[in-house]
Amino acid sequence: MPDKLEFRELQELAAEILGVEPERVQMNVSFQRDLAADSLDLVELIAAIEDKYEVELPEEELEKMKVISDLWQFLEQKHAQRLEA
Amino acid sequence: MNPNNGRRVAVTGLGFVTPIGNDLETVWSNLVEGVSGVGPITYFDTATYSCKIAAQVKGFDPELYMDRKTARHIGRYCQFALAASRQALDQAGLDPAQLDPDDVGVIVSSGIGGMEEIEKSHTALMQRGVRRISPFTVPMMIADMGAGIVAMHTKAGGPNFAIASACASSGHALGEAAEIIKRGDARAMLAGGAEATITPLTMGAFCQIKAVSERNDEPEKACRPFDVDRDGFVMGEGSVMFVLEDLEFARRRGARVLAELAGYGASADMHHFTAPHPEGAGAIRAMRKALTRAGVQPEEVGYINAHGTSTKLGDVAETKAIKEVFGEHAHQLAVSSTKSVHAHLLGAAGAMEAAACVLAIQRGMLPPTINLDRQDPDCDLDYVPNHARPAEVGVAISNSFGFGGHNATVVIRKPEAN
């Protein structure tokens, strides 16, 4: 996991996978509703997030996340846990 | 009963993504100038490969034809097919979205499908485990997806599938698409083939069967059909797509008819996995059926675009077959293998070469067989050696033969004045 979490990096990662401009990836948007992500896109996104942030992100977990800020909070929480450890 | 149901099939559009250009005029210019598309393989390290050359597509930007997300999520061969289809529809002035969904169908044939994508996902599996297999692996690898993608993006909702017959795939695609129009199941068809197999596994596998040229130090001279020094085919890639239409439909809507797809014949060699029948027995029957269906006498044929892959056995067998079908006239008509220039597009080869027939008829110019320096005595026809030649041609045929012993011949005829 990177030393410091930068939201810009998550924007760029998701934008690359979903084929949208990074600016469209904002805290209050939904991958499915706003960025037209289908189930295949989400599987690809999970793999990319797991690789970049060295976390495990079960599909059920991502499905519970309504907007991108939910994912961001999940990553911040994992990051904090790692710093404490 | 007239098997054509009184219908004739017009060619009204062509689209190209090929090693010798990604638009019609560039492709034609390189065909007639004999500018080879073959060079060193740059996609992967070929240090341990006996063949290090291929004809790669150059300067292709998928985002000229589709959005970025689509480009990311479809196989390379599907990108080629969608690009070529859009060009063909543009030339035909046909927009399937403006018609009934059943009016326009699509056949995109591929010999293999998304090979690069299969290989990448297999590598991910071996190195990083099952959860790193791309979820797009299946849609990227299956050989029917070209037809599916083209329909989704052009709104052509008629008959939709792929035909797999190796290097004859798009010869069959054109012929079967014409039959669909003749039997009334569509007014128009987007038909052709797409292939993208310049990959580590495919190239290695072809090296192992000694099917590909090893003339690595002179790539542009490697594909030399009918020459004594030929040593195998050269892998190419790309897509060529046709718009075929019911001739009456094309005339009613004021489309420019480039040529008529007048006949089609298909057969099997019944002989061997990879070797052609030594006397071209299957090829003879395919050519004869195609001429019969077109109502064309052998003496009317002025040009044959040969399958001519530059293999030792294939070029001789095809020459024998042509002599059997055409008799004395075999020595009057012109034969060329444009594979010498664009190399072997496998599942797109038949469409590429039928397109060369359309353009040769339309423009009154026969594209040459390049690298024909010393003609094989067993290949004793007029192969239009090394230089294009002006000629008025009324009827041309394109031969396509595939591993498995599949043969397809299509007959292309000059259109009557509108």
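The buried residues of helix α6 of chain B pack against α3 (76-92), β4 (104-109), α5 (137-141), β5 (160-161) and β6 (188-195) of chain B, where a contact means that two C-beta atoms, placed from the backbone, lie within 7 Å. This is a predicted model, in which local features need pLDDT of at least 70 and side-chain atom pairs count only at pLDDT 80 or more, while totals for chains, interfaces and linings use all residues. Residues are numbered from 1 along each chain as its sequence is written, and chains are lettered from A and ligands numbered from 1 in the order in which they are written.

Helix α6(B) covers residues 145-154, and seven of its ten residues are buried, a residue being buried if 20 or more other C-beta atoms lie within 10 Å of its own, exposed if 12 or fewer, and partly exposed in between. Helices (H or I, at least four residues) and strands (E, at least two) are DSSP runs, numbered from the N terminus. Among the buried residues of α6(B) are G146(B), I149(B) and V150(B), and A81(B) touches these three as well as V108(B), A194(B), S239(B) and M241(B), not counting residues up to four places away in sequence. Just after the helix, K155(B) takes a positive phi of about 65°.

A81(B) is also one of the residues that touch the most other members of the largest nonpolar core, which has 127 residues; such a core is a set of buried Ala, Val, Leu, Ile, Met, Phe, Trp, Tyr and Cys residues joined through C-beta atoms within 7 Å. Helix α13 (residues 349-363) of chain B gives the most to this core, with eleven residues. Both domain 1 and domain 2 of chain B give residues to the core, so it lies between them.

The bounds of these domains come from an automatic or database domain assignment.

| Item in chain B | Value |
|---|---|
| Domain 1 | residues 9-252 |
| Domain 2 | residues 264-413 |
| Separation of the domain centres, over C-alpha atoms | 21 Å |

In all, 60 residues of domain 1 of chain B are in contact with 56 residues of domain 2 of chain B. On the side of domain 1 that touches domain 2, α7(B) gives the most, with eight residues.

Chain A, by comparison, has five helices and zero strands. Its C-alpha trace spans about 35 × 25 × 20 Å along its principal axes, and buried residues make up 18% of the 85 residues in chain A.
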